[in-house]
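Open the model in your viewer and keep the selection panel at hand. The stops below run from one side chain out to the whole chain.

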Amino acid sequence: MFFLSENDLIYFCFVAKQSAGILLYRLNSVELQVFLVHPGGPFWKNKQKGTWQIPKGEFTEDEIPLDAARREFYEETGNRIDGIFIPLSPIKQKGGKTVSAFAVEGDCDAENIKSNEFEIEWPPGSGKKKCFPEVDRASWFVIGDAINMILPCQVPLLTELIQKCGTKPA
C-alpha cells in the first residue's frame with residue numbers, strides 16, 4: 001500500500017497539471033473530419049504516427065477550462081473559434097496531466113496556421129537558445145486516419161466524438 005504525507009500531497013497537487021483543448025470537427029459530404037496539430041520543435045520533427053493532437057494547453061485553477069481551450073486554440077493556430085462547444089470526458093495523458101476537451105463543429109484553414117513559439121537550448125549542451133513554433137503544422141484528417149495519427153491517450157476523445165456525431169470511422 002502507498003501513503004502520502006501532507007507535504008507529499010501538497011507537492012502532488014502542484015505538479016498535477018491540467019490542460020484544455022478544442023477538438024474541431026466538420027462533416028464533409030458524409031465523412032467526419034477532425035482538425036489536428038503537429039507539435040513543433042526538434043524532438044517531434046520526424047515523428048508522425050501517434051504524435052498529432054488537439055490544440056491544447058495548460059491552465060490554472062482560476063481559469064475556466066473552455067476559456068483556456070479557446071485561448072490555446074488561438075495561440076497554436078492563429079484562429080479564433082466559436083460555436084456550440086460540447087464537453088468531452090477528460091482524459092489523462094502519460095505524464096499524469098488531465099486534459100479537458102471541447103468538441104465544436106467548424107472550419108479553419110490548416111495550411112495557414114500561425115503558432116506562438118517557445119525557446120529551448122538547442123542543440124542540447126550548446127548553451128545556445130533557439131525558438132521553435134509550438135505547432136509546426138495542422139491538418140484535417142478523416143476520423144479513421146485521425147485515430148492512427150493522434151496521440152494514443154487522445155483516441156478516447158475521437159471515440160466519444162464519433163458516438164456524439166453518430167458516425168462510423170471511415
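Contact here means heavy atoms within 4.5 Å. The model is predicted, so local features need pLDDT of at least 70, side-chain atom pairs count only at pLDDT 80 or more, and totals for chains, interfaces and linings use all residues. Residues are numbered from 1 along each chain as its sequence is written, and side-chain values use heavy atoms, with hydrogens and water left out.

**Stop 1: Gln93**

Select Gln93. It is found in the loop between strand 5 (91-92) and strand 6 (98-105). Helices (H or I, at least four residues) and strands (E, at least two) are DSSP runs, numbered from the N terminus. Now show its neighbours. Leaving out residues up to four places away in sequence, Gln93 touches Lys56, Val99, Leu151, Cys153 and Gln154.

Is Gln93 buried or exposed? Gln93 is buried, because its relative accessible area is 17%. Buried means under 20%, exposed over 50%, partly exposed in between (1.4 Å probe, protein chains only).

**Stop 2: the cysteines**

Select Cys153 next. Cys153 is partly exposed, at 23% relative accessible area. Then pick Cys108, which counts as buried at 12%. How many disulfides does a search of the whole structure find? The search finds 0, with a disulfide taken as a pair of cysteine sulfur atoms within 2.5 Å.

**Stop 3: helix 4**

Select residues 155-165, helix 4. Its buried residues are Leu157, Leu158, Glu160, Leu161 and Ile162. Colour what they pack against: strand 1 (18-28), strand 2, strand 4 (86-87), strand 5, strand 6 and helix 3 (143-149). Step past the end of helix 4 to Gly166, where phi is positive, near 70°.

**Stop 4: the whole chain**

Zoom out. The protein chain has 4 helices and 9 strands. Along the sequence they run α-β-β-β-α-β-β-β-β-β-β-α-α. Of its 170 residues, 39% count as buried. Among contacts with a separation of 6 or more, 66% come from residues 24 or more positions apart.
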